[in-house]
Amino acid sequence: MEQFRDAKYYDLLESDLYERFRRKPAMLRQELEMADSSTVVIIDEIQKIPELLDEVHWLISRKGFRFILSGSSARKLRRCGANLLGGRAIRQQLFPFVSAEIPDFSLSRAINNGMLPRHYLVENAELRLQSYVGDYLREEIKAEALTRNVGTFSRFLEIAAINDGEILNYKNVAQDCGVSAPTVKEYFSILEETLLGYTLPAFTKTVKRRSIQAPKFYLFDVGIVNYLTHRRDLEPGSTDYGHALEHLVVQEVIAYLTYKRSRLAATYWRSASGFEVDIVIIDNYTHNPVCAIEVKSCNEVQNRHLKGLRAFGEEYPEVKRICLSHDNQPRKTDDGIAILPVEEYLAGMWKERYF
């Protein structure tokens, strides 16, 4: 809103406005007929009244209005056959805070609280996380009628958090949830289409080693995972901290590539024999790797931490390899692996230094 102070703003969470437009979507067109066509119009939670998109279409085509349409789910719009403004709209996904947006960014706070603005900005985010997960995530699913059994879905959400950052296995998750594998697959689809999670595909274009092909799954914010898995007061050195640090880096990389509209994409690599690299950046057109990134929560990277990057280097010796850690100073190994402090890497990434 700071960048569009003169915009005309409609928030469909306002009950009176929602009821007015729900009863008569044409009210939007009638109101804007009285406005200057150079006015930017913002409609928040557009998925609540899909019929408004026909009015938006008319106002763009006939009057030249510019719209910013925001919402938390495209699923409802697609399923009800709404006007998706083909050729007239640019889709932009928004993420939680990224490190570059925060003066005096605190890695520890980001790992413990997550990067949703209301959570990151407080000292202890547990109550806000509880409210967000209990009152928003579950109720959002219920309100959108995305599943009939909210209780089962809530259990699934906890199991999905436990499996955050792990290779996706629908059968195993289904057994833990007590539902069928097709139901679990549909539940993961709900999370993706409501922007509550995403899959990280496997990199499979290797020569010497057979690779695992199933994707990994991540919830959209590390703080949500912390709450659902009861992780608290994370400190370097623990397994939970290591998982959270890896998630945060993946979260930042995904946001960076999306915001920059890059032709690059993030994947991960794991060989059938057990070698793994947390993030492999590839060229979306050629599918060739550009950069391989491993995340370690140790204070000093040792040779044993670099096995995955070295195995990947045997497949692609020319690819840049980076290990992120809590080392005090950046350095480079004799075989060319860059070891960087996590904060330094994140700051440099947003300045376009690494890929």
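Reply: Helices (H or I, at least four residues) and strands (E, at least two) are DSSP runs, numbered from the N terminus. Helix α10, for instance, covers residues 181-193, and P182 lies in it. The model is predicted, with local features requiring pLDDT of at least 70 and side-chain atom pairs pLDDT 80 or more, while totals for chains, interfaces and linings use all residues. Residues are numbered from 1 along each chain as its sequence is written, and side-chain values use heavy atoms, leaving out hydrogens and water.

Me: Is P182 buried or exposed?

Reply: Buried means under 20% relative accessible area, exposed over 50%, and partly exposed in between, with a 1.4 Å probe and protein chains only. P182 has a relative accessible area of 61% and is exposed.

Me: At what angle do α9 and α10 pack?

Reply: Axes are lines fitted to C-alpha atoms, for helices over the stretch in contact, and angles run from 0 to 180 degrees between N-to-C directions. Here the angle is about 100 degrees, with the axes of α9 and α10 8 Å apart. Angles under 35 degrees count as roughly parallel, over 145 as roughly antiparallel, 65 to 115 as roughly perpendicular and the rest as oblique. The helices α9 and α10 are therefore roughly perpendicular to each other.

Me: Which residues of α9 and α10 meet?

Reply: Contact means heavy atoms within 4.5 Å. Y170, K171, V173 and A174 of α9 meet A181, V184, K185 and F188 of α10. By class, this contact comprises 6 nonpolar, no polar and 2 charged residues; nonpolar covers Ala, Val, Leu, Ile, Met, Phe, Trp, Tyr, Cys and Pro, charged covers Asp, Glu, Lys and Arg, and the others, Gly among them, are polar.

Me: Which residues of α9 are buried?

Reply: In α9 (residues 170-177), they are V173, A174 and C177. Seen down the helix axis, these residues fall within an arc of 100 degrees, so they line one face of α9; the arc is that of the directions from the axis to the C-beta atoms. On the other side of α9, K171 and Q175 are exposed.

Me: Which residue caps the N-terminal end of α9?

Reply: N169 does, with a side-chain oxygen 3.2 Å from the backbone nitrogen of K171. After α9 comes G178, with a positive phi near 75 degrees.

Me: How does the pair α12 and α14 read, and which residues meet there?

Reply: Helix α12 (residues 239-259) packs on α14 (residues 342-349) at about 10 degrees, with axes 11 Å apart. These two helices are therefore roughly parallel. L245, V249, E252, V253 and Y256 of α12 meet V342, Y345, L346 and M349 of α14. This contact of α12 with α14 holds 8 nonpolar, no polar and 1 charged residues.

Me: With which side chain does E55 make a polar contact?

Reply: A polar contact is a pair of N or O atoms within 3.5 Å; within protein, one must be able to donate a hydrogen and the other to accept it, and residues adjacent in sequence count only if both atoms are side-chain atoms. The side chain of E55 contacts that of R29 at 2.7 Å. E55 belongs to helix α3 and is buried, at 12% relative accessibility.

Me: Where is Q47, and is Q47 buried or exposed?

Reply: Q47 sits in the loop between β2 (40-44) and α3 (52-63). With a relative accessible area of 1%, Q47 is buried. A 2.7 Å polar contact links its side chain to that of E45.
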